[in-house]
Amino acid sequence: MQFDDDADLDTSEVQDVRGSRIPGGRATVGGGIAGLIALLLGLFFGVGPDQLGLTDDGGDEPAASSSSLAQVQQSCRTGKDANAREDCRTVAVVNSVQDYWRQEFPRRGGRYAPAPTVFFSGRVGTACGAASSAVGPFYCPGDRKVYLDLGFFDELRTKFGSSGGPFAQAYVVAHEYGHHVQNLMGTLSRSQDGRTGENSNAVRVELQADCYAGVWAHNATRTPDESGKPVITKLTDADIRDGLDAAAAVGDDRIQQRYQGRVTPESWTHGSAKQRQDWFYQGFRTGDMAQCNTFR
């Protein structure tokens, strides 16, 4: 995965609150068996901590840490920085993903509303409730923001057995923006009917977000930024394999087998490893969001 060294990064699309404190409360996962279940569900990315039984101490949003924000603004200026630093790489991916959807929506008669990504560490307050890093990356429809603790990328490799790599991280980001696209289109709410299982709407919403991530990947090296050139100049077959491997690593069946020793399809909320791979590849192969109808 390669970025244009001369591309200008737009750090305004990222809010960096790493190291800041949440005012007015704490973010916790409930204790006992309920906490364990929430943790198991939250150990891979999805939609909003409100769906994971997390405590909401008022939903206060943390004030941005001026030092860390300045660090990102000063350090993540060009594609060259993205090729050298993980946080800058994530900024570049956010830029590329939003460049794509910003251009795709008008082609379909719509208008894309940008969503910032919030870098946090430890815990964070959101419009969906307070959350700890244990829930993994997530999208909050209440404030239309993606939340990401960059430490999750290490866990994706060490705890979930993903091969890792820069594009595995890009897949995670693109998946969350898939939820933002669903929110703008009015389909995200279909996951909130309280049902679980391999054929549930919760699973179908997650698989569609995987497919949308694949659609972006198909178009990434052809999507220009404001300068008229793509931020991402190269994606290899190995990159796509890393993305597929990451998708499989966070399949419900893989996680259940790892953490509870058995697979229970009736409790699935995100889909199996094979489903997640298949739908990501469907999006990547076609490059067409119309081919991502997981609700058929």
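# Terms and values in a predicted model

Me: Where does R144 lie?

Reply: R144 is in the loop between β7 (138-140) and β8. Those element names come from DSSP runs: helices are H or I over at least four residues, strands are E over at least two, and the numbering starts at the N terminus. The model is predicted, and local features need pLDDT of at least 70, side-chain atom pairs count only at pLDDT 80 or more, while totals for chains, interfaces and linings use all residues. Residues are numbered from 1 along each chain as its sequence is written, and side-chain values use heavy atoms, with hydrogens and water left out.

Me: What makes R144 worth a remark, as it is not a glycine?

Reply: The phi of R144 is positive, at about 55°.

Me: Why is R144 called partly exposed?

Reply: Buried means under 20% relative accessible area, exposed means over 50%, and partly exposed is in between (1.4 Å probe, protein chains only). R144 has a relative accessible area of 38%, so it is partly exposed.

Me: What makes a group of residues a nonpolar core?

Reply: The members must be buried Ala, Val, Leu, Ile, Met, Phe, Trp, Tyr or Cys residues, joined through side-chain atoms within 4.5 Å. The largest such core here has 58 residues, and W101 and W216 have the most contacts inside it. Two or more of its residues come from each of α4 (86-107), β8 (145-148), α5 (152-158), α6 (166-185), α7 (201-219) and α8 (237-249). Another core, of ten residues, lies apart from it and includes V118, V124, V135 and Y147.

Me: Which residues is W216 in contact with, leaving aside neighbours within four places in sequence?

Reply: Contact means heavy atoms within 4.5 Å. By that rule W216 is in contact with V93, S96, V97, Y100, F167, A170, A174 and I232.

Me: Why is the pair of W101 and F105 called edge-to-face?

Reply: Rings of Phe, Tyr and Trp (its six-membered ring) pair if their centres lie within 6.5 Å; planes under 30 degrees apart are stacked, over 60 edge-to-face, and the rest tilted. W101 and F105 are 6.3 Å apart, centre to centre, with 85° between the planes, which is edge-to-face. Both residues are buried and lie in helix α4, four residues apart, about one turn of the helix. They also belong to one aromatic cluster with Y100, Y112 and Y212.

Me: What makes the pair of Y281 and F284 tilted?

Reply: The ring centres of Y281 and F284 are 6.2 Å apart and the planes are at 45°, so the pair is tilted. Y281 and F284 are three residues apart in helix α10, about one turn of the helix. Y281, at 41% relative accessibility, counts as partly exposed, and so does F284, at 23%. The model has eleven aromatic pairs by this rule.

Me: How do you know that R190 lies over the face of F295?

Reply: A charge sits over a ring if NZ of Lys or CZ of Arg is within 6 Å of the ring centre and within 35 degrees of the ring normal. R190 is at 3.9 Å from the ring centre of F295 and lies over its face.

Me: Why is G283 called buried?

Reply: G283 has a relative accessible area of 0%, so it is buried. G283 is found in helix α10 and, not counting residues up to four places away in sequence, touches C211, G214, V215, H218, D288 and C292.
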